[in-house]
Amino acid sequence: MRNLTANLHLFRIFTNPDKKIEYIRLKDKYENEAQYLIFGATAELTKKQKTVHLKSGWNLFSLPLKPENSVAENVFSCLPSFPTVYGWEDGYESVDAGDNLEVGQGYWVYVEESENVTVTGTPVENLTLSLSQGWNLAGLPSGVLPQTPGNIFGQVPTIYGWTEHGYNPMDAEENFKPGQGYWIYTKSQISKELKGEVARITVTSVNTPSEVNTGQTATVSAVVTNTGGQEGTKTIDFVVDGETMDSQDVTVGPGTTITVTFQITKDEKGTYNLNIGGVAATLTVLAPAEFEVSNLEISPRKSEPGKAVTISVNVQNVGKVKGTHKLELKVNGNVENSQTIELTGGESTTVSFKIRRENPKRYSVGVEELSDNFEVLEPAKFETSNFRVSPEEPVAGEEFTASVDVKNGGELGGTFKAVWKVGGDVDDTQEVTVSPGETRAVTFSMVWKEAGAYNVSLSGMSKPLTVLAPAEFEVSNLQVSPKEAEPGETVTVTVDVKNVGRIKGTHKLKLKVENTTEKTKKITLRGGENTAVSFSITKENSRFYMIKIEKLSSSFKVLEPAPAKLKIDKLDIKPEEVFRGEGVDVFVRVSNTGGKRGTKNLSLKLNGGLIKSKSITLHPGEKENVVFSLGTSYKSPGRYILGINELSVSESFKVKAEINPNLNPRPSGILLEENFEGSVKGSIHDYHGKIKYVEGKSGSGIIDVYTDNIRALLLKYSNENGKYVHPNSGTVTS
């Protein structure tokens, strides 16, 4: 066996799953590496030591590692004598030398002199920190540190550490220290899972190409993840059909993922079983690709000179593996262009070529065994004819048109540019598209302001052009009637218009009131013709108004309106006769004959006394009926006189009573008189009167009723079997 000198140092140990050392790697001072196999040795790789310093007096202590022997006497064996130790579980408990200390628990330890306690053990990978409600004495080992109260608890409980000066409160972001004990107070029971910081490196997935060709190199990748809390190194083996083909040592930081790649080339087709770091995959190796070309298409088949023509074919890989294929385009037997494509097995695509030709002729094209042709057509050829102006003698200031016909005698459509010139100078241009064999008119529309003789041309065709002077109008004799108007009354404004030019024309008149255009009219007159033009306007506001038509001006005045004048036209009473207790309606018609809106108070008087009043508002010329409902304003039968305000003629109505005299029937044909004394039904007064029987009406007569020798009313009655009937009141029982 080769001896190792002092100049070499160990930098990596590799073990098998049983922690048997397989080989080690050493470096010399120049960083040269050497690898040595070691058989039969057991690796003690995870043991560590942590030293906790105890000050003289009381200390809060916890286990920084998980010792092989957790008996208190063994943990504190490095001290001159066994110290005083107390634990806590709902109260202080003395710890004897033979008691076991627990990872995660805190302890009070008393020593006479300052001492160091060295604990040998393994880091704790996972710890369940269980806290009861109330005070707890706890500590955290190094394997699950660093940790802070904030990242363990979220909502931080009350935590105290201990120094030689006494209790020290712990902040949310302060790290727990291995070997230290802490008082923790919680309001409820808490259980927290703490994860240790060790490397856990595994292969999580393997990615391979779905298919490769024979002889083609395939790249296989593996995703390696360290889910532990420390950086670590692991050897990743690449195994193909049970044989290790390659391996890589990877170092992965905590919580980090890396990708490891291996390459493989196989000359024989088939399916190969791969395994990287315990994750299996397969690789399929296929025979080479095979291509078919079909469906040659040309677009367009007839093209303009210099325009692109597209030649396309469909290409399919009818094999099972990816491959490349080169296509060549031939024009008239000569290679024009080529493309190389790559397709997977069964995949197809369309390959296109673009070519251009200037000379009009037929061209043949070919792609592999496929062929076809296209044609470059003759470009457009334009001819112009029929140059015309409409109207032939346009008027200055009015629109006219100039047109020409354009014919395309070529095989292709094209765009023709028409040029309009005046006196040899280009005045306007216009483009028009004309199809093969088509004739189209090109028209220019324009307005010239100056009359005169001109030489014009349109796309090479010319002719003389005379532009006539426009019609000329004169406006005169502005008349306004009436000069003074009532509000809302129509005012007529009239002017005389004459065309003093030689040709027919149209003129627009504007009527302005107070410099604002009120109305417009268009007048068309022949040369020398004249006419009168009228405008009608109304204004409501009383004031002077200035009016203007072109250069002519005048004015009119709107007078102040007459004051309001409300009068009573008519008084009606319905009905004119009622019995006591029946209603009476009084109708009064009121009209406003003034010039302004006004209000009038209406006072209704009964026998000279005021009983009701109303107010009415009317606009000029408005009429309205006002109704008074009397109800039972009268108390006794008789005639009542009604009056309204100043109305000179009053109206009256009669209140009739029901009578109940003690009368006997009389024979017919006799005129008799008989005095009686009785009462009228519903009255508080006694009445007496005289009954007259009229000849020829048996049981009928006229009663004159008097009160205090004053005739009060005249009633008719009829006598039938002792019952007296009044025409308006129905039957009254005697």
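**Entry 1: a valine to start with**

In which strand is Val432 found? I looked it up in this predicted model and found Val432 in strand E36, which spans residues 425–434.

Is Val432 buried or exposed? I read a relative accessibility of 8% for Val432, so this valine counts as buried, the cut-off for that being under 20%.

Next I asked which residues Val432 touches, leaving out those up to four places away in sequence. My list for Val432 reads Gly414, Thr415, Phe416, Arg440 and Val442. I then picked Gly414 from that list and checked its spacing from Val432: the two C-alpha atoms are separated by 8.3 Å, and the residues are 18 apart along the chain.

**Entry 2: stepping back to the whole protein**

How many helices and strands does the protein have? I noted two helices and 62 strands. The protein has 734 residues, and 35% of them count as buried; Val432 is one of the buried residues.

I also looked at contacts between residues at least 6 apart in sequence, and 58% of these join residues at least 24 apart. For the surface, I wrote down that the protein exposes about 42,100 Å². Carbon and sulfur atoms supply 43% of that area.

**Entry 3: salt bridges**

My reminder to myself: side chains of opposite charge can pair when their charged atoms come close. How many salt bridges does the structure hold? I found seven, and I followed up some of them here.

I began with Asp372 and Arg301, whose closest N and O atoms are 2.6 Å apart.

Then I turned to Arg362 and Glu375, whose side chains meet in a salt bridge at 3.8 Å, N to O. Arg362 lies in strand E31 (residues 362–367) and Glu375 in strand E32, so this pair ties together parts that are 13 residues apart in sequence. I checked Arg362 as well, and at 53% relative accessibility it counts as exposed.

My next pair was Lys570 and Asp572, with the closest N and O atoms 3.6 Å apart. Lys570 counts as partly exposed at 41% relative accessibility, and Asp572 is also partly exposed, at 26%.

**Entry 4: charged patches on the surface**

Which residues form a positive surface patch? I listed Lys508, Lys510, Lys512, Lys522 and Lys548. Strand E43 (residues 505–513) gives the largest share of this patch, three residues. Lys522 is found in strand E44, residues 516–525. I read a relative accessible area of 65% for Lys522, so it is exposed, the cut-off being over 50%.

Where is the place of Glu89? I found Glu89 in the loop between strand E7 (84–88) and strand E8 (92–94). Glu89 is exposed, with a relative accessible area of 57%.

Key: Residues numbered from 1 in each chain as written. Predicted model: local features only at pLDDT ≥ 70, side-chain atom pairs only at ≥ 80, totals over all residues. Heavy atoms only, no water. Helix = DSSP H or I, 4+ residues; strand = E, 2+ residues; numbered from the N terminus. Buried < 20%, exposed > 50% of the residue type's maximum accessible area, 1.4 Å probe, protein only. Contact = heavy atoms within 4.5 Å. Areas by Shrake-Rupley, 256 points an atom, 1.4 Å probe, with all protein chains shown as cover. Patch = residues over 30% accessible without salt bridge, like charges linked within 9 Å, V, L, I, M, F, W, Y side chains within 5 Å. Salt bridge = Lys/Arg side-chain N within 4 Å of Asp/Glu carboxyl O. Lys, Arg positive; Asp, Glu negative; His and termini not counted. Charge placed at Lys NZ, Arg CZ, Asp CG, Glu CD.
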